[in-house]
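Visitor: Could you take me in for a close look at one buried spot and its surroundings, please? I'd like the cut-offs as we go.

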Amino acid sequence: MVILNFHGIGPITRDIDAGEKDCWINLRFLEEILDYVAPRKDIKLTVDDGNESDVTFLLPALKERNLKCTFFLCSDRTDKPTFLDKDQILEIRSAGMSIGNHGKYHKSWKGLTGESLLEEILESKESLELLIADSITAAACPFGGYDRFSLKQLKKLEYDKVYTSDAGRCSPSDWLTRRNTIRRSMSIGDVKSIINRKPSVIQEVKMRTKTLIKRLR
Ligand SMILES: [Zn+2]
């Protein structure tokens with residue numbers, strides 16, 4: 001299985017750094033990707049950050065193609081300019097989409113401990129749960145950052161799945177799950193090769209070793 005992860009769609013609506021800018025794609029590119037993905041059963045979609053473009057551009061494009069997506073939101077961003085407000089989050093929910101936790105303040109979970117980590121992985125989860133009146137069982141690490149300690153705490157909180165930004169394929173049984181970030185610098189050909197690439201055994205071992213090192217540090 002392959003997971004594609006989006007961030008912002010359409011015009012960039014606030015000041016962001018160059019790294020994040022590369023994660024904003026235009027609507028045409030999104031639609032091209034979704035058209036390719038729609039007939040396939042081996043691809044899942046997620047979107048991070050709770051940008052308003054989730055509801056203005058992504059949601060209608062998903063609905064048109066009868067596609068589902070998990071939206072990872074940051075609780076402290078709700079109702080703030082350029083981010084989703086409460087009504088928009090409920091609209092996403094009622095369209096049959098899943099909601100996951102992406103932290104309270106969008107801090108990397110690598111190196112976070114104590115209260116600061118709990119704010120991101122527990123307080124944010126609880127406040128989103130209250131808003132959607134349902135439980136949240138998936139988390140996505142902001143900036144793809146995690147370490148042994150944060151993963152241990154996420155396990156303790158009984159998250160079903162934790163999504164990273166480590167590229168590659170994944171298996172539905174993975175707890176720590178790889179996702180492929182879609183960037184504006186990519187072409188549709190690049191996206192197709194991410195989806196269809198079958199890594200060699202050596203590449204697979206290398207990738208798994210890299211993840212293991214990140215998990216243990
Ligand atoms: Zn993020």
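Guide: I9 is buried, since its relative accessible area is 0% (buried means under 20%, exposed over 50% and partly exposed in between, using a 1.4 Å probe and protein chains only). This is a predicted model, where local features need pLDDT of at least 70, side-chain atom pairs count only at pLDDT 80 or more, and totals for chains, interfaces and linings use all residues. Residues are numbered from 1 along each chain as its sequence is written, and side-chain values use heavy atoms, leaving out hydrogens and water.

I9 sits in strand β2 (residues 8-9); strands here are DSSP runs of E with at least two residues, helices runs of H or I with at least four, numbered from the N terminus. Leaving aside residues up to four places away in sequence, I9 touches W24, I25, N26, L27, L30, S53, F57 and L58, where contact means heavy atoms within 4.5 Å.

Next comes helix α3, residues 53-64. Its D54, V55 and L59 meet Q88, E91 and I92 of α4. The axes of α3 and α4 come within 10 Å and cross at roughly 20°.

The loop between β4 and α3 holds D49. D49 (OD), H102 (NE2) and H106 (NE2) are the protein donors of the zinc ion, at 2.0 to 2.2 Å; donors are N, O and S atoms within 2.8 Å of the metal (3.2 Å for Na, K and Ca). Like I9, D49 and H106 are buried.

Technical notes: Axes are lines fitted to C-alpha atoms, for helices over the stretch in contact, and angles run from 0 to 180 degrees between N-to-C directions.
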